[in-house]
Amino acid sequence: MKLRFLGSAAIPVAISAALFAFKPVNGQLAVIDAKNLVEATTQAARLLQQINNQIQALQNQATMLQNMGRNLTTLNFSSLSGITSDLQQISNLMNQAQGISFDVQSVEAAFNQQYPQSYGAGATMPQLLTDAQTRWQNARNAFQQTMLVQSQIAQTVQTDTGKIGDLVNASQGAIGSLQAQQAANQLLALSVKQQLQVQTLLAAQGRAEALKDANEAEAEIEGQAALQTFLGSSNAYTPQ
């Protein structure tokens with residue numbers, strides 16, 4: 001916007017021009033030309049109004065620039081590192097799964113090996129005992145991992161409480177739209193993190209329950225194999 005100033009000196013000039021019309025002639029008394037006086041006064045008032053309008057326009061521009069500066073001010077607070085650190089710790093716990101892990105490519109092979117659908121006739125008692133011990137260890141590890149994940153999430157919930165308070169305070173104290181939006185985005189990221197934690201915990205719990213159920217089902221198959229091994233040729237006892 002190009003603003004064109006009309007100097008304040010223009011006002012007395014306009015009035016002086018009108019007063020020149022009142023100069024006495026041949027020693028006669030001055031006669032006031034009312035029409036010229038009114039016109040000069042009106043012109044001076046218009047000039048003054050234009051100057052006031054230009055000053056107001058400059059003030060409005062200054063206010064607009066100040067608001068733009070506030071809206072572009074960034075938020076001097078970030079919870080991103082804490083969020084990613086908490087998720088990484090939980091991810092590390094999930095990757096420590098032993099026995100039947102969370103690796104899609106290896107689950108089927110490991111499960112078929114440690115939880116066979118049946119045992120052949122040549123199964124021995126030491127083999128059955130070893131397999132049972134392996135499955136018991138898998139189930140124990142799964143429940144232990146679930147408890148570790150639960151403990152880790154419980155710790156992050158405590159730190160999340162402080163982060164939520166800081167972000168809400170930052171949002172309420174934002175001096176511009178950018179700061180408010182950045183605080184809202186961090187609150188949204190914190191909410192997503194908590195949802196991911198719940199999903200991770202459900203996955204750990206589901207794995208533990210699945211291995212427990214698989215153990216119970218496998219115990220029946222193992223019992224049948226143990227009985228068959230004990231009976232051998234179906235002549236467990238030969239009378240004398």
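Modeller: Among the contacts in the protein between residues at least 6 apart in sequence, 80% join residues at least 24 apart. The model is a predicted one. Its secondary structure comprises six helices and zero strands, and the order along the sequence is α-α-α-α-α-α. Of the 240 residues, 25% count as buried. The protein exposes about 16,300 Å², of which carbon and sulfur atoms supply 58%.

For the close look, I take the pairing of helix α3 with helix α5. Two packed helices are described by the angle between their axes and the distance between the axes. Helix α3 spans residues 80-95 and helix α5 spans residues 125-172; their axes lie 10 Å apart, at an angle of about 175°. Because angles over 145 degrees count as roughly antiparallel, α3 is roughly antiparallel to α5.

On the α3 side, the contact is formed by Gly82, Ile83, Asp86, Gln89, Ile90, Leu93 and Met94. From α5 they are met by Gln145, Leu148, Val149, Gln152, Ile153, Thr156, Thr159, Asp160 and Lys163. By residue class, this contact of α3 with α5 divides into seven nonpolar, six polar and three charged residues.

Leu87 also belongs to helix α3. With neighbours within four places in sequence left aside, Leu87 is in contact with Lys193, Leu196 and Gln197.

Turning to α5, Asn141 lies in this helix. The relative accessible area of Asn141 is 13%, so the residue is buried, the limit being under 20%. Its side chain makes a polar contact with the side chain of Gln98, at 3.3 Å.

Gln179 is located in helix α6, which covers residues 177-231. At 10% relative accessibility, Gln179 falls under the 20% limit and therefore counts as buried. A polar atom of its side chain lies 3.1 Å from the backbone oxygen of Thr74. When residues up to four places away in sequence are not counted, Gln179 touches Thr73, Thr74, Leu75, Gly173 and Ala174.

To return to the part you asked about, the pairing of α3 and α5 has an angle of about 175° between the axes, and seven nonpolar residues take part in the contact alongside six polar and three charged ones.

Note on methods:
Residues numbered from 1 in each chain as written. Predicted model: local features only at pLDDT ≥ 70, side-chain atom pairs only at ≥ 80, totals over all residues. Heavy atoms only, no water. Axes fitted to C-alpha atoms, helices over the stretch in contact; angles between N-to-C directions. Helix = DSSP H or I, 4+ residues; strand = E, 2+ residues; numbered from the N terminus. Parallel < 35°, antiparallel > 145°, perpendicular 65-115°, else oblique. Contact = heavy atoms within 4.5 Å. Nonpolar A, V, L, I, M, F, W, Y, C, P; charged D, E, K, R; others polar. Buried < 20%, exposed > 50% of the residue type's maximum accessible area, 1.4 Å probe, protein only. Polar contact = N/O pair within 3.5 Å; in protein donor to acceptor, adjacent residues only side chain to side chain. Areas by Shrake-Rupley, 256 points an atom, 1.4 Å probe, with all protein chains shown as cover.
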